[in-house]
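Open the model in a viewer and follow the stops below in order.

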Amino acid sequence: MQRLKTRPQFQAAMAGGIVSRTPHFALHRLVLDEDVPLTPPSGPGGLPSVQAPQALFGVAQAEPVSWLGAMAPKRWAKRSVTRHAIQRQVYVLGDEYASQLACAAYVVRLRATFDRKQFVSAISEPLKQAIRAELHQLFTYAVRRQSAPAGARSAAPPPTATTAAKPAAEKAAP
């Protein structure tokens, strides 16, 4: 799995949409089309009028390759030790799940802070385990979602606490 390096690569991958979400992380994916040539045809009219975002990833290679980037903003992880530990965990788990994920550009984004009252140390063993467990959930859901048939994906979402309580309230009304 290749790593995203440039700002335009991160922006293109994040524009692809969110495919998986946990309380602290979001996984963005831009599906890469394997049929796009690496070098465009030369000559008059050889360049496309609009450049596809996947041109940033050099898709036409001997074998399809996925790309992965990790974002841990200072807003959600104040200490650099914590940000770097999160990024390391993302890349390690990304390599574990690389064979199961589709050819795409992925960005794992930290979207909420870990409670500093619960995790006092900047990088403690319980914090590492919590990060790893949540990243496992994130990647597992993404793998399940891409392998599910199209009809199963469009099915109604599971009932939440608000929708489950609503019928009970309607029954109680006279």
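Is Phe-139 buried or exposed? Select Phe-139: its relative accessibility is 0%, so it counts as buried (buried is under 20% relative accessible area, exposed over 50%, partly exposed in between, with a 1.4 Å probe and protein chains only).

The model is predicted: local features need pLDDT of at least 70, side-chain atom pairs count only at pLDDT 80 or more, and totals for chains, interfaces and linings use all residues. Residues are numbered from 1 along each chain as its sequence is written, and side-chain values use heavy atoms, with hydrogens and water left out.

Next, the aromatic rings. The whole structure holds 3 aromatic pairs (rings of Phe, Tyr and Trp, the last by its six-membered ring, with centres within 6.5 Å; planes under 30 degrees apart are stacked, over 60 edge-to-face, the rest tilted). Select Phe-25 and Phe-114: the ring centres are 6.1 Å apart and the planes stand at 55 degrees, so this pair is tilted. Phe-25 is in strand S3 (residues 25–31) and Phe-114 in the loop between strand S5 (104–110) and helix H3 (125–147), so the pair ties together parts 89 residues apart in sequence (helices, H or I of at least four residues, and strands, E of at least two, are DSSP runs numbered from the N terminus). Both Phe-25 and Phe-114 are buried.

Tyr-97 belongs to helix H2 and Phe-139 to helix H3, so the pair links parts 42 residues apart in sequence. Tyr-97, at 12% relative accessibility, counts as buried.

Last, select Arg-79, in the loop between strand S4 (67–71) and helix H2 (80–97). Arg-79 is partly exposed, with a relative accessible area of 31%.
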